[in-house]
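Subject: Structure handover

Hello,

Here is the structure I said I would pass on. My notes on what was found in it come after the model.

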Amino acid sequence: MTDDLDDAFRTANRLRIAAFLSGCDEAEFRAVQDYCDLSPSNLSKNIAALEELDYVAVRKGHVGKTPRTWLALTDKGRKALAAHLAALQNIAATAARHA
């Protein structure tokens, strides 16, 4: 059933961001940007949308004198991503049965 699909992950960029963050405790903004091949502004917009849903936590700090931003998938975000992926797997399984 598609009821478990989460609108937050309907864009490939947000799904890619969440999937990347699911594999680590925390990632530096630039690492996520490079992996997802996004501009800083595009990543920022997508992170803001996920942060508004409490799916991503943003932590700011410094390494030496250089400002840095770290991103982490929250527990709520991990659960939402898992439910979304399970719904996608169910859709794929249904399609395979009817192929």
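Leaving aside its neighbours within four places in sequence, which residues is histidine 62 in contact with? They are Pro67, Arg68 and Trp70, where contact means heavy atoms within 4.5 Å. Histidine 62 is found in strand β2 and is exposed, with a relative accessible area of 55%. Buried here means under 20% relative accessible area, exposed means over 50%, and partly exposed is in between (1.4 Å probe, protein chains only).

Two points on conventions. This is a predicted model, in which local features need pLDDT of at least 70 and side-chain atom pairs count only at pLDDT 80 or more, while totals for chains, interfaces and linings use all residues. Residues are numbered from 1 along each chain as its sequence is written, and side-chain values use heavy atoms, with hydrogens and water left out.

Overall

The protein has four helices and three strands, and from the N terminus on its elements run α-β-α-α-β-β-α. Helices (H or I, at least four residues) and strands (E, at least two) are DSSP runs, numbered from the N terminus. The C-alpha trace spans about 60 × 25 × 20 Å along its principal axes. Of the 99 residues, 31% count as buried. The accessible surface comes to about 6300 Å², and 51% of it belongs to carbon and sulfur atoms; the areas come from the Shrake-Rupley method with a 1.4 Å probe, and for residues only the protein chains shown count as cover. Of the contacts with a separation of 6 or more, 52% are accounted for by residues 24 or more positions apart.

The sheet

Three strands form an open sheet in the order β1-β3-β2, with antiparallel pairing. The edge strands are β1 (27-28) and β2 (56-63), each of which pairs on one side only. Two strands pair if DSSP finds at least two bridges between them. β1 is joined to β3 (residues 66-73) by two bridges, whereas eight bridges join β2 to β3. β2 and β3 form a hairpin with two residues between them, and glycine 64 in the turn has a positive phi of about 65 degrees.

Helix packing

Which strands does helix α1 touch where it packs on the sheet? Helix α1 (residues 12-22) touches β1, β2 and β3, and its direction makes about 90 degrees with that of β3. Axes are lines fitted to C-alpha atoms, for helices over the stretch in contact, and angles run from 0 to 180 degrees between N-to-C directions.

The axes of α1 and α3 come within 10 Å and cross at roughly 75 degrees. That makes α1 roughly perpendicular to α3; angles under 35 degrees count as roughly parallel, over 145 as roughly antiparallel, 65 to 115 as roughly perpendicular and the rest as oblique. Asn13, Arg14 and Ile17 of α1 make this contact with Asn42, Leu43, Asn46, Ile47, Ala49 and Leu50 of α3.

α2 and α3 pack at an angle of about 105 degrees, with their axes 10 Å apart, and are therefore roughly perpendicular to each other. Here the contact is made by Phe29, Val32 and Gln33 of α2 and by Pro40, Leu43 and Ser44 of α3.

The core

The largest nonpolar core holds 19 residues, of which Ile17, Leu21 and Val32 touch the most other members. Such a core is a set of buried Ala, Val, Leu, Ile, Met, Phe, Trp, Tyr and Cys residues joined through side-chain atoms within 4.5 Å. At least two residues of this core come from each of α1, α2, α3, β3 and α4 (75-97). Leaving aside its neighbours within four places in sequence, leucine 21 is in contact with Ala27, Val32, Val56, Leu71, Ala72, Leu73 and Arg78.

Positive phi outside glycine

Aspartate 37 has a phi near 55 degrees. Aspartate 37 lies in the loop between α2 (29-36) and α3 (40-52) and is exposed, with a relative accessible area of 69%. Aspartate 54 has a phi near 65 degrees and lies in the loop between α3 and β2. Aspartate 54 is partly exposed, at a relative accessible area of 41%.

Regards
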